[in-house]
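Open the structure in your viewer and keep the selection tool at hand. The stops below are meant to be taken in order.

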Amino acid sequence: MIRLTIKPLLQFLVYIVVGIYIPVSAQETQTYNGPLQIGKYNGNATYSYKLVENDTVLDGDFTVLRSNLQELLEKQDYSFQFKGSFVDGTANGPWKFQFGEFNSKSQSEVIDYQYRVLVSGIQKSAIGKIKMGKPNGKWIVLEEEIENSEISKTLFKSVISFDNGVPQQNFSINSENYTLVGRFLRDGLAHDEWSLFPSNGIDQFESWYFKDGLLQSIRVDDESDHKTIKAFQGYNSQTKIINLNAGYIKALEIQLSQVDIDILHHNSLPELLKQNAARYQEVDDILSALGKSEFLPEFKVKVPYYPLDSLEVANVDSIVSYYKKANELSESILQNSQLNILKLSDSNTAYQYNTVLYLKEKFLKPIEEIVNYDSLNILEYTSREQLVNHVFSDGMPESKMDIEIQIDSITSSKSYSLPSSDTINNDNSIIVNIEAVAKMGYDGILSIANEVKETLTQEKRQNELASLEEEIIQKNDSMVIFIDSTSATIPLKYATALKQLKSFTNNTLNEYSKVKSAQNRLAAARSTVDCLNNLNDLSRTVSLMPAYQTDIIENYTDRIWNPFMATLMDEDIKKRITSTYTKILEPYFLTEIEQQISCESIEDLNKNITATYKKILELKDQNTKKLERKLKKEKDPVTVLEMLNVQNTTKQ
Amino acid sequence: MKTFRTQIVKLVFLFLFTATFQIVAQEKEAVELPEYSKYKDLGTKTWINTYGNIRISKRLFWDAQTHLRLEETEATPFFGQVAQVYNRHAIGYIHSKYFNVRLGGVLRLNFNTDEASTDRNLVPEWRIWHQYQFAQSLASMMIYHRIRIEHRWTQSFVENSDYIFRNRWRYMFRMKIPLNDHKLKPKTLYVAPEAELIMQSGKAVVASPMEDLRLTTTLGYILTPRLTVAAGAMYSQGQDLKNGGYYKQSWAMRFHVYYSPDFRKVKNKLPEIHLTD
């Protein structure tokens, strides 16, 4: 009995074990050795991986490298080597990244029975430890210039310690021009003194003093003097932690006077941090391509925080939209070439133009700055008063202004009042007042744009008329030249038609010259140009009609074999069709030209001539017995054209 | 001696016998060549010929000729009376612009023009014929060489007479020279001198191998590529079949119509109609 129960139990166990073993074996790590593309890097890789739901997940050691001696010797080679390890698809453990761009002057030396090729170029590297995708411990990022296989210059070097991705303790960043040394708190906030030295030792030396991430002051030393610039010192209200980046520096500058801003190195501190971040970004790109990664270091600082309420956010949005519309309008006016020319002679245009310039300077420019702050998301890091003082340093603009006009070196002045109903009211909030300025600027530019439009349309009409008339003259000339030169070379009946076209052109021009009113004149000029275009086309077609005729006759001539003469002879085939063309249609077209022509009919007539010619040629290879029978009885050209399916619209 | 006499008698008898037979045989042939060749009186004839050349495919055509030949008699001078009606047909093959062949049959109806004859009035004559024609152009004119071979079965007007078989060997040289143009094309008048030698052979032909020599000059006019008319005069002479010493001779007026219709559908005509040019 016991045996009987054990046997199925054993079977069950075997199934379970096998069932577990199969998925486990699927998870077994495998090794890959071969080519691999990571972003722009294409090299030879060796790595361990496992398959999870048909996805390759890196797990274990990882190496990818590339170098090509042939390319190096011939021109230039880029080499790289990334070495480290992964755990479940996330970088973990010691890592080394190395990128180089080298060239060789084909110099080599033999050392220890090995040929060594001396290379020159740039080598970049990043070495440190990664803990589950985040930098951990000390990371050294280097960029070095290599000459004949020796380091000749350090172009960039940053040494930063991390704790699980958060920068810690002291750090240093060196570039060619500056060295930045500083300290972080455990939570990654800037703390204490950050010093920025110039590499040449001559330029000024800056010390940025942070307290718990909040910048207190900046001390600027140069050879003879020192100055302390007050930053957020004494601020003890609401703050926010943000990254130390260009936006932070902008927010800082809103606090500072223009004099102080000018004293500071132009953004060299954030520039260094940016360079550093770019290098970490390169590493992050590689790691992200292979698995999960959060490699970017974040240098945190605190800023004063003045949050915008929902109404103010709406105000800011409308400021941005007024600015965009106003800016677009002002650009279209200021860039308009016609206005630019016109303003030199026309005082009203000059007045309009200069008003736009003035509005742009006084209204749009300060608003543009606010729009920039908004796009950097730093509007909330400054008090409204500081914002207004910084942006409108000369005070808010007035709605009345004097516009200077200069024509022929005579300067005059004319006042301008904004048509806007909005005004600046000191009882309103600052944001509302800024919005009013934006609206006023927009209203002013819009009203001028409308005035200018009127000026431009009139100007445009004048110009169009002038160019149309020029075209009329040119078309007429070309037609006369063409007819005069062609008439001599073609048979008389065609030449007569051409002469008729010439005299018709003359009449058309006479008609046009009789039109007096400006509005009608433009329409008349347009239709005269069209008419002349069609006349030109028609005269060209008429000049081709002799060729059409020979062409048709040639096409309707067949070479046939005469057995009695043993020669080939020309035979006119389908004579009914050719004679329809030569005896009915062609004379009809020529008569139409000589007797019936009008500007309205020319185009259709021209089309009919060409279409008939083409149709006649087509008929040669078609079965036309029925058509030939019908043509035998028909003598009316219009009916014949209908029979040929050539749309005859001249008579309609 | 007796033996000698007997021999002589036998010899005389044999001689007489053979001589008699010889006389009988000579009576049947009744041919004695004259000392000098003798020309018969000139006869006149009128030939009215139509030549049809009907295209049936890219290279094949149907040659359809009908000739009406008149011959002068005592009662009908000059124009004469109907002597022969020809029906000559063949299928031709155009090898190239310059060479073609044809093969066919002829039914000729021969009318008895001898007013004194009491024999049959009409007997048929059958022929099989084949022809090889070469053409070449020389300056503005065309030159033709025509070889025509005929196998003919004829019978005389005598009641119940047997057919006799003969072969005819004909070679003709002809030129066509345009008169009012530089080449032969519609609306062109041309002159065509020609010479044809007709030889014959067969059991019945003993001493008259030269049946006919025809010297003709024709004036033609090409109306269209498909229609030409021509008229001319021909002098001919040839040995009499019965006696090679006698030569017939005649003058003939000849009238020709040449037509070459093409009833094929347009799509079949093009572009094959151009042959290989």
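This is a predicted model: local features need pLDDT of at least 70, side-chain atom pairs count only at pLDDT 80 or more; totals for chains, interfaces and linings use all residues.

Residues are numbered from 1 along each chain as its sequence is written, and chains are lettered from A and ligands numbered from 1 in the order in which they are written.

Select residues 430-487 of chain A, helix α10, and residues 492-514 of chain A, helix α11. Helices here are DSSP runs (H or I, at least four residues), numbered from the N terminus. The two pack at an angle of about 160 degrees, with axes 10 Å apart; axes are lines fitted to C-alpha atoms over the stretch in contact, and angles run from 0 to 180 degrees between N-to-C directions. α10(A) and α11(A) are therefore roughly antiparallel (over 145 degrees).

Next, show the side chains between them. Residues of α10(A), including Met479(A) and Ile483(A), meet residues of α11(A), among them Leu498(A) and Leu509(A); contact means C-beta atoms, placed from the backbone, within 7 Å.

Now select residues 449-478 of chain A, where UniProt, in an unreviewed entry, places a "coiled-coil region"; such annotations may be inferred rather than shown by experiment. The span is 100% helix, and its end C-alpha atoms lie 41 Å apart.

Finally, colour by chain. The contact takes 14 residues from chain A and 20 residues from chain B.

Methods
Angles under 35 degrees count as roughly parallel, over 145 as roughly antiparallel, 65 to 115 as roughly perpendicular and the rest as oblique. Two residues are in contact if their C-beta atoms, placed from the backbone, lie within 7 Å.
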